[in-house]
Amino acid sequence: MGELSKSKIRRIGENIKKKLNKNLHIDKEELDVVQNYRVSFREELSYNFKIIQDIAINAGSDSICSYRLKRIESILSKLKREKTMKLTTMGDIAGCRIIVYREIALKHAVEQLKKIFDVKKVKDYYFKESKHDGYKGYHLYVKNRRGSKIFEIQLRTIQAHRWASLVEIIDNIFNKKIKEGQKTKDFNKFLKLLSRKNELTLKEKKQIIDIDIKNSLIKHLSKTFIKNNTLIRKEWMKLFRDNYQFYLFKILEYDDAKIQVEGYKDVKSAENRYYKYYQDQSINSVLVKITKPSFKKISTAYASYTLSGHEYMDDWFLYMSEILNDAKLLKDKKEFEYYQNTLVENLDVQLELIENELDQILVYKNDVYFEEEIEKWYLDVKKKIENIATISYNNVDKESKLAKFFKYFIS
């Protein structure tokens, strides 16, 4: 399809919006226009990404920098959800994301971006005030002075990014749309509390755990991560040495956790495959480019697509440990036994996850080709066990197999 005029794109976009509001079918020809409009951002986005990733690395050498064209599902959802939104005025069709590990790096990156780009709009959910749901981030809508397209640069600290990733993971696993504004009493309260992670009182941590228990959140997360951790690692093993520029993540089924990832060296082939997958309604996919890709970077930046783990699992054990210690001090036997039983139940699931990973590591152990990646994987698993052991040892029966197992790792 040749390049379309802005007026034609606007007209077709308005027609699509009308159909969406009436829940009517969108024709393939109309979807082709949306896809053609998406990829029209590709060249300028790629050019600007080189500038943005340099700024990100200068702000913090451990920064994670990626870009994507907005998924077609997300474009259509936004058109339907926001009354005044138009296809031609959507400012985040093309977007770059910078994830930093320190707030000072975020400040530095923002300052440098404002010097280089023509900033059209700013949404500050970080320094001024977070969104009502707890989201924190700094969004710049910019135009390169030599270009015509407006695109979004989204900056987050690692903690803010992990919070946002958990929202998406909960949406995926529980079939919710919290990210798009759906109200769910328990999860909205749960996420709002977690957005203040560094300020939580013991009472608030207990509220988080109680909501978790009520909704079996840790069980659902564990079930999903058990199925996916080794799977996505194996997918990564096929790709990590081939210097791919683009990665296409596919979720075939959330319940059965069928996750796949494909690598591409040119964006045109990658986009053609993405569009093909989009037309297959059983496949949820996202196409991204990430600076100096590694498993750690990819599983951090796109946790809702790798579905292999999340920091909340560690937080859960920390909060549970504090609750149990408090119950001990108050000599509240009933409460202690209730939370201890929940802890032990979930320890069994966590150890199953770890056991699956160790079994998979053994498969690759003697293959020199994978030596470096296997070493990284093993160290990740070892750290995970040590964290769980340190937190949990004092809250399980000292004569149990669990206690003896944990003692080995903390001695």
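## The second largest pocket

The second largest pocket of this predicted model holds about 910 Å³ of space (a pocket is an open set of 1 Å grid points that takes a 1.4 Å probe, with protein on both sides within 12 Å along at least five of seven lines; its volume is the space filled by probe spheres set on the points). Its lining comprises 27 residues (an atom within 4 Å of a point), and Arg162, His310, Glu311, Asp314 and Lys384 lie nearest the centre.

Helices H6 (158-174), H9 (217-239), H11 (295-301), H13 (312-329), H14 (333-364) and H15 (371-392) each contribute at least two residues to this lining (helices are DSSP runs of H or I, at least four residues). H15 gives the most, five residues. Sorted by class, the lining has 11 charged, nine polar and seven nonpolar residues.

The largest nonpolar core has 78 residues, with Ile170, Phe190 and Tyr312 making the most contacts inside it (buried nonpolar residues joined through side-chain atoms within 4.5 Å). Apart from this core lies another of 55 residues, including Val33, Tyr67, Met90 and Val100.

Setting aside neighbours within four places in sequence, Ile170 is in contact (heavy atoms within 4.5 Å) with Asn175, Ile178, Phe187, Phe190, Leu191 and Leu217.

## Glu30 in helix H2

Is Glu30 buried or exposed? Glu30 sits in helix H2, residues 28-39, and counts as buried because its relative accessibility is 8% (buried is under 20%, exposed over 50%, with a 1.4 Å probe and protein chains only). Beyond four places in sequence, Glu30 is in contact with Ile12, Asn15, Ile16 and Lys19.

## Reading the numbers

Residues are numbered from 1 along each chain, and side-chain values use heavy atoms, without hydrogens or water. Local features need pLDDT of at least 70 and side-chain atom pairs 80 or more, while totals for chains, interfaces and linings use all residues.

Conventions. Ala, Val, Leu, Ile, Met, Phe, Trp, Tyr, Cys and Pro count as nonpolar, Asp, Glu, Lys and Arg as charged, and the others, Gly among them, as polar.
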